[in-house]
Amino acid sequence: METNWAAEHLQVIRTLMERSAVYRRALAPIMIVTGSLGVCAAVVSCFVKIEANRAFSLFWISVSLVAGVASFLLIRRQAVKDAEPFWSPPTRRVSQAVLPAFLIGLVCGLVFGLAGDTLPRAAWLLALGWTVIYGCALHAAGFFMERGIRLFAWAFVIGGLLTLGASLVWSHLQTSEAGHYVMGVFFGAFHLAYGVYLYFTEKRRQAA
């Protein structure tokens, strides 16, 4: 029984490694769409007052849900285009890798959203927590992809921790406005830049 499980596990890993270039190509539009949504959401927060814990949490959870649906549709389209099953063993492995961190992030957001003003106003702290947690999720998924996604994950983890340290020194970073900027930079600009990088490097690979 264990021999069969090990053989299946090795086959899944081998398939994931073989498809790493495909996943890299599929990531480009996902990153660009996700990044664009993040930047647009941050711009909206400049004109609409979203400061309370509940408003901040529900606003960005809604943005993440839209980004998640868009990513799902893009992945499904790629699977149909390549005539592959969407919920394949490699897809299940990647989903299992990111699920714990994503669940923690969702619960943290819901706690802020449900508790509202019964908690101290600390949307900026939630934003930094989401940043680091997301980096951990990407790093877990990076085991099945090329090295670049793990470096991208570390940018979130280290960037979030450095920003946390800076916020302890400069109190003006401890505001809801700063929290929106954090979300816009990490979940918007970072994704957009990485998506553009993947797009053009993949173009160069195909041309070579």
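Which residues make a nonpolar surface patch of about 700 Å²? The legends below take up this question and then visit other parts of the model, which is a predicted one.

View 1. The patch of about 700 Å² is built from Leu-99, Leu-103, Leu-106, Val-107, Leu-110, Val-111, Leu-114 and Leu-119. One of these residues, Leu-119, sits in the loop that links helix H4 (89–115) to helix H5 (123–141). Is Leu-119 buried or partly exposed? Leu-119 counts as partly exposed because its relative accessibility is 31%.

**View 2. The chain as a whole.** Step back for a moment to see the setting: the chain has 7 helices and 0 strands, and its pattern along the sequence reads α-α-α-α-α-α-α. Of its 208 residues, 41% count as buried. Among contacts with a separation of 6 or more, 80% are between residues 24 or more positions apart. The accessible surface of the chain is about 11900 Å², and carbon and sulfur atoms contribute 70% of that area.

**View 3. Helix H5, a mostly covered helix.** How many of the 19 residues of H5 are buried? The count is 14, so H5 is mostly covered, given that buried means under 20% relative accessible area. The end C-alpha atoms of H5 are 27 Å apart, which agrees with the 27 Å that its 19 residues should span at 1.5 Å a residue.

**View 4. Helix H6, residues 147–169.** The 23 residues of H6 reach 34 Å between the first C-alpha and the last, close to the 33 Å expected at 1.5 Å a residue. Buried here are Ile-149, Phe-152, Ala-153, Phe-156 and Val-157, along with Gly-159, Gly-160, Ala-166 and Ser-167.

View 5. If you are looking for disulfides, a search of the whole structure finds 0. Cys-46 has a relative accessible area of 48% and is therefore partly exposed. Cys-108 is partly exposed too, because its relative accessible area is 30%.

Methods. Residues are numbered from 1 along each chain as its sequence is written. This is a predicted model: local features need pLDDT of at least 70, side-chain atom pairs count only at pLDDT 80 or more; totals for chains, interfaces and linings use all residues. Side-chain values use heavy atoms; hydrogens and water are left out. Helices (H or I, at least four residues) and strands (E, at least two) are DSSP runs, numbered from the N terminus. Buried means under 20% relative accessible area, exposed over 50%, partly exposed in between (1.4 Å probe, protein chains only). Contact means heavy atoms within 4.5 Å. Accessible areas come from the Shrake-Rupley method with a 1.4 Å probe; for residues, only the protein chains shown count as cover. Patches are made of residues with over 30% relative accessible area and no salt bridge: like charges are joined within 9 Å, nonpolar side chains (Val, Leu, Ile, Met, Phe, Trp, Tyr) within 5 Å. A salt bridge is a side-chain nitrogen of Lys or Arg within 4 Å of a carboxyl oxygen of Asp or Glu. The expected span of a helix is 1.5 Å times one less than its number of residues. A disulfide is a pair of cysteine sulfur atoms within 2.5 Å.
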